[in-house]
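Here are some notes for reading this entry. Keep the sequence and the 3D view open side by side, and check each point as you go.

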Amino acid sequence: MDSADAAKVRELLDQPQKIVIIPHKNPDGDAMGSCLGLHNFLTSIGIESDVIAPNDYPKFLKWLPGDAKVLNFERENSQAKRKIEEATLIFTLDFNHLSRAGQLEEPLSASKANFIMIDHHQQPDSYALITYSDVRMSSTCEMVYNFIESLNGTNSIDAAIATCLYTGIMTDTGSFKFRSTTGRTHRIVADLIDKGADNTQIHQNVFDTNSAGRLQLLGAALKNMVILQDFRSAYITLSQDDLDTNNFKKGDTEGFVNYGLTLENVVFSTIFIENKDEGIIKISFRSVGDFSVNEFARAHFHGGGHTNAAGGRSTDDMATTVKKFVALLATYKTQLVP
Ligand code: 5GP
Ligand code: MN
């Protein structure tokens, strides 16, 4: 964050504010880690704030320091609505378009508060007074660290803040392996460990708390995987029936899409997950190298994200969606198989 913006933030925080912090819909580790990291930081410097999630999130994130204070807009609707109406300063973290806040889009659009966006996705919208957007960043959590640093606040980072920020950097970098992971990312992570983030415990809390149902669902997903070697692509389908048979809980399919990329010579992996309640197929896209799944998701599946990780959706049924997808691959063949 540049020094002019940092000065503006300081000025805002020097005045009494009613502060709300918002992650995107279906919050992931980076979204919850950044919101709670910022919330805990503000608390440590004597400033109150509320974190309001648009909807529920996986159990493997519900141990983050401060989690008990998070309001769920679906569950605590009237209380959360009131907080947003009364807010004078709203941080939106890990997203850059209000539509990514799901049901919160409407109250956020109606709000007269000043907005501060901290985010690393492409093509940010212009709703914020202060837009700290940088697509080169590994994670929003890394950016919250930078944000704290630009307020000269790193001495206030305690174990709780460090734990939240470590978690989001870890999940958004695929445990420090994606190309967005830089030397600076590691230096920040080193500082977070020095300040009390227990790296072994965090990995265990996030990755080693599987239910039997989740592993069985993974088995079903891998069985359903189709490999299209001609396009260096693979895709997985999970029907509502697959989910129901394996006692699906929110978050259970997190990371399944990455298995496609563990195949030799596969650079594009997709998972289609049926959601009968919402009448949609939720899609996740991942790639390695130059093939932009952000552009693919934007152009064909009402979505977006990053070059190598994006999401989207389809309102067609599974068979129609997959058929459309496979037909599209032919038109991208020169990009997929250079
Ligand atoms: P996931 O596949 O894990 O849901 O999302 C991968 C990445 O794409 C995340 O950074 C997420 O924020 C972004 N993303 C997921 N779904 C959508 C969507 O529908 N629209 C946009 N613009 N981004 C999405
Ligand atoms: Mn993120």
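Is D94 buried or exposed, and what is its relative accessible area?

1. D94 is buried, with a relative accessible area of 1%. Buried here means under 20%, so D94 falls within that class. Keep in mind that this is a predicted model.

2. D94 belongs to a metal site. The manganese ion (ligand 2) is coordinated by D94 (OD) together with D30 (OD), H120 (NE2) and D172 (OD), at 2.2 to 2.4 Å. Along the chain, these donors of the manganese ion (ligand 2) follow the spacing D-x63-D-x25-H-x51-D.

3. Next, look at strand β1 (residues 19-23). Of its 5 residues, 5 are buried, so β1 is largely enclosed by the rest of the structure. Both faces are covered: I19, I21 and P23 are buried on one side, and V20 and I22 on the other. As background, side chains in a regular strand alternate between the two faces of the sheet.

4. Which strands pair with β1? One is β4, which pairs with β1 in the parallel sense over 5 bridges. I19 has L89 as its bridge partner in β4. The pairing of β1 with strand β2 (residues 50-53) is also parallel, over 2 bridges. In that strand, V51 is the bridge partner of I21. To get from β1 to β2, the chain crosses through helix α2 (residues 29-44), and this β-α-β crossover is right-handed.

5. A further sheet deserves a separate look. It is open and made of 6 strands, in the order β7-β8-β9-β10-β12-β11, with mixed pairing. At its edges stand β7 (226-228) and β11 (304-305); each has a single partner strand, so one side of each is left without a neighbour in the sheet.

6. How does β7 run relative to β8, parallel or antiparallel? The two strands run antiparallel, and 3 bridges join β7 to β8 (residues 233-238). In this pairing, L228 stands opposite S233 in β8. In general, strands of a sheet pair through backbone hydrogen bonds, either parallel or antiparallel.

Technical notes. Residues are numbered from 1 along each chain as its sequence is written. Chains are lettered from A and ligands numbered from 1 in the order in which they are written. This is a predicted model: local features need pLDDT of at least 70, side-chain atom pairs count only at pLDDT 80 or more; totals for chains, interfaces and linings use all residues. Side-chain values use heavy atoms; hydrogens and water are left out. Donors are N, O and S atoms within 2.8 Å of the metal (3.2 Å for Na, K and Ca); water is not among the atoms, so sites may look incomplete. Buried means under 20% relative accessible area, exposed over 50%, partly exposed in between (1.4 Å probe, protein chains only). Helices (H or I, at least four residues) and strands (E, at least two) are DSSP runs, numbered from the N terminus. Two strands pair if DSSP finds at least two bridges between them. A crossover is right-handed if, with the strands pointing away from the viewer, the path from the first strand over the helix to the second runs clockwise.
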